[in-house]
Amino acid sequence: MRGFGTETDANDDHFGSGLSFVDKIVNWIRALLPKDGFARGVTMVAGGTTVGQLITVLVSPVLTRLYSPEEFGLLAVYNSVLSVAATVVALRYEYAIPLADDDEKAGNLVVLALFIVLVNTSGSALLVFSFGADAASWANVSGLASYLWLIPLGILGDGVYQVLNYRVTRAKEFSGIGYTRISRKAGQAGTQVAGGFAGIGAIGLIGGLVVGRFAGIVALARRARLRLRHVDVRECLQQAKEWYRFPLYTAWGSLINVFGSKAPPILLSRFFVPDIAGYFSLTLRVLSL
């Protein structure tokens, strides 16, 4: 795939048999895009998001027949914890990447944000392995205890994706963002359906969510145009100081906002049963779409 502003060869077979399912969808969207660069980029991102949501809609009736409400409840609790933690995993320094004065400073911000992601992921792993079982018991989801190791893994995938996403946004490679919006949903849905047919239980739903978090990272990394030779520790620290308002103000606001929307499944499971959290999450999914 090329950037959003390039012309494609008229002889290219956009629907060739050698393309993957996701590639065919992306190329179909690109064929409908306007020629103007900015409008083309916006449409590509919106189109990728729309197709990703469509995949979620189409696969939902299948998943409800393959998994029980209790298993959806475990997924809802896991997703709530993951969403809250992933919101601030890079301390919102990724927001500063498109705003940096030049690509060299942006590259140092990327490295800084990825380092923070690794540190926070390690800290989350320590918390999960130290207090995860007790937290799962408190939330009335003891069945989730066996899958707690997937929480740090999901946080890592989400954090890396967010950082690279903002670097690709700076590079105006909007086609790459649209592509990953589809590949994330397709990877998640495919894994969850496969897990359901295999009868592996809640791990199929949760594993699919994790796969979706990692899907598209390689594609974004290729478009990020990182120049590691410009990375300098002192410059990374300087960028951290220059953009300190993001972790100081934006991170807290984002954390409170996402906690307000993601806390209900945890509380419903705690005061009722995981089945109720599962029904709630399924209903919320339809309303959100």
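A cavity, on a 1 Å grid over the protein atoms alone, is a set of points where a 1.4 Å probe fits but cannot get out. I also noted that a pocket is an open set with protein on both sides within 12 Å along at least five of seven lines, and that lining residues have an atom within 4 Å of a point.

I am working on a predicted model, where local features need pLDDT of at least 70, side-chain atom pairs count only at pLDDT 80 or more, and totals for chains, interfaces and linings use all residues. Residues are numbered from 1 along each chain as its sequence is written, and side-chain values use heavy atoms, with hydrogens and water left out.

**Entry 1: cavity.** I searched the whole structure and found 1 cavity of 30 Å³ or more. The largest cavity holds about 50 Å³ of space (a volume is the space filled by probe spheres set on the points, which are joined across faces, edges and corners). I listed its lining as Thr56, Val59, Leu63, Lys185, Gln188, Ala189, Gln192 and Arg285. Helix 2 and helix 6 each give two or more residues to this lining (helices are DSSP runs of H or I, at least four residues, numbered from the N terminus). Helix 6 gives the largest share, 4 residues.

**Entry 2: largest pocket.** I read a volume of about 1,300 Å³ for the largest pocket. It is lined by 39 residues, and the closest to its centre are Asn79, Ser83, Lys185, Arg213 and Lys262. Helix 3 (69-87) supplies the largest share of the lining, 8 residues. I sorted the lining into 14 nonpolar, 16 polar and 9 charged residues (Ala, Val, Leu, Ile, Met, Phe, Trp, Tyr, Cys and Pro count as nonpolar, Asp, Glu, Lys and Arg as charged, and the others, Gly among them, as polar).

**Entry 3: second largest pocket.** I found about 660 Å³ of space here. Of its 27 lining residues, Val81, Ala85, Val128, Ala135 and Ile151 are the closest to the centre. Helix 4 gives the largest share, 9 residues. The lining has 23 nonpolar, 4 polar and no charged residues.

**Entry 4: helix 10 and helix 11.** I checked how these two helices meet. Their axes (lines fitted to C-alpha atoms over the stretch in contact, with angles from 0 to 180 degrees between N-to-C directions) come within 7 Å and cross at roughly 150 degrees. Helix 10 is therefore roughly antiparallel to helix 11 (angles over 145 degrees count as such). The contact (heavy atoms within 4.5 Å) is made by Pro264, Pro265, Leu268 and Ser269 of helix 10 and Pro274, Ile276, Ala277 and Phe280 of helix 11.

How values were computed: Parallel < 35°, antiparallel > 145°, perpendicular 65-115°, else oblique.
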